[in-house]
Amino acid sequence: MNYQKNQKVVSAVLNYPILSSFGIIYGQVYTPLASIKNKKSMIKKHIFKFIQQTYGINQMQIIEHDRRPFKVELRQIICLYCRDNEFTLKSIGQILGGRDHSTVVNNLKKGNAYLLFEEDYSDKYKSFVRNFDLYLSAI
């Protein structure tokens, strides 16, 4: 019991997740491993529903081969979010309508560069992550 308490304190101080045999501890919040394993399937199932509700763009409009900046930006954000949640390049490409892994790599490179150098893009990504995670937790 004391071991778990010490893990929570260290995690809260470092703001870094600690993996234990019981689950993942983020600060004072305990997240069971089962919910982390199900997160990938929840992301696949609900990401386009969330985007439809939030941005008013349906799945077909996002995955079509259209280079309008707001659609490209959304695809990059989807790639970044999925990669942060440990999706493979192939599975990200499948989510985006069967795109090749090299297309996903290109989106990740550009998205990461924008995150570093464009504050507006970084704010959009952080907002997407925060709101989508809240959306998933409400399900």
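1. Let's begin inside helix α6, where V104, N107, L108 and G111 are buried (buried means under 20% relative accessible area with a 1.4 Å probe and protein chains only, exposed over 50%, and partly exposed in between). Seen down the axis of α6, these buried residues fall within an arc of 100°, so they line one face of the helix; the arc is taken from the directions from the helix axis to the C-beta atoms. Helices here are DSSP runs of H or I with at least four residues, numbered from the N terminus.

2. A word on the source: this is a predicted model, with local features needing pLDDT of at least 70 and side-chain atom pairs counting only at pLDDT 80 or more, while totals for chains, interfaces and linings use all residues. Residues are numbered from 1 along each chain as its sequence is written, and side-chain values use heavy atoms, leaving out hydrogens and water.

3. What do the buried residues of α6 pack against? Their partners are α4 (69–84), α5 (89–95) and α7 (119–137), where contact means heavy atoms within 4.5 Å. Turned away from this buried side is a face that carries the exposed residues K109, L116 and F117.

4. Helix α6 covers residues 101–117, and its end C-alpha atoms are 24 Å apart, which agrees with the 24 Å that its 17 residues should span at 1.5 Å a residue (the expected span is 1.5 Å times one less than the number of residues).

Definitions and conventions. Helix = DSSP H or I, 4+ residues; strand = E, 2+ residues; numbered from the N terminus.
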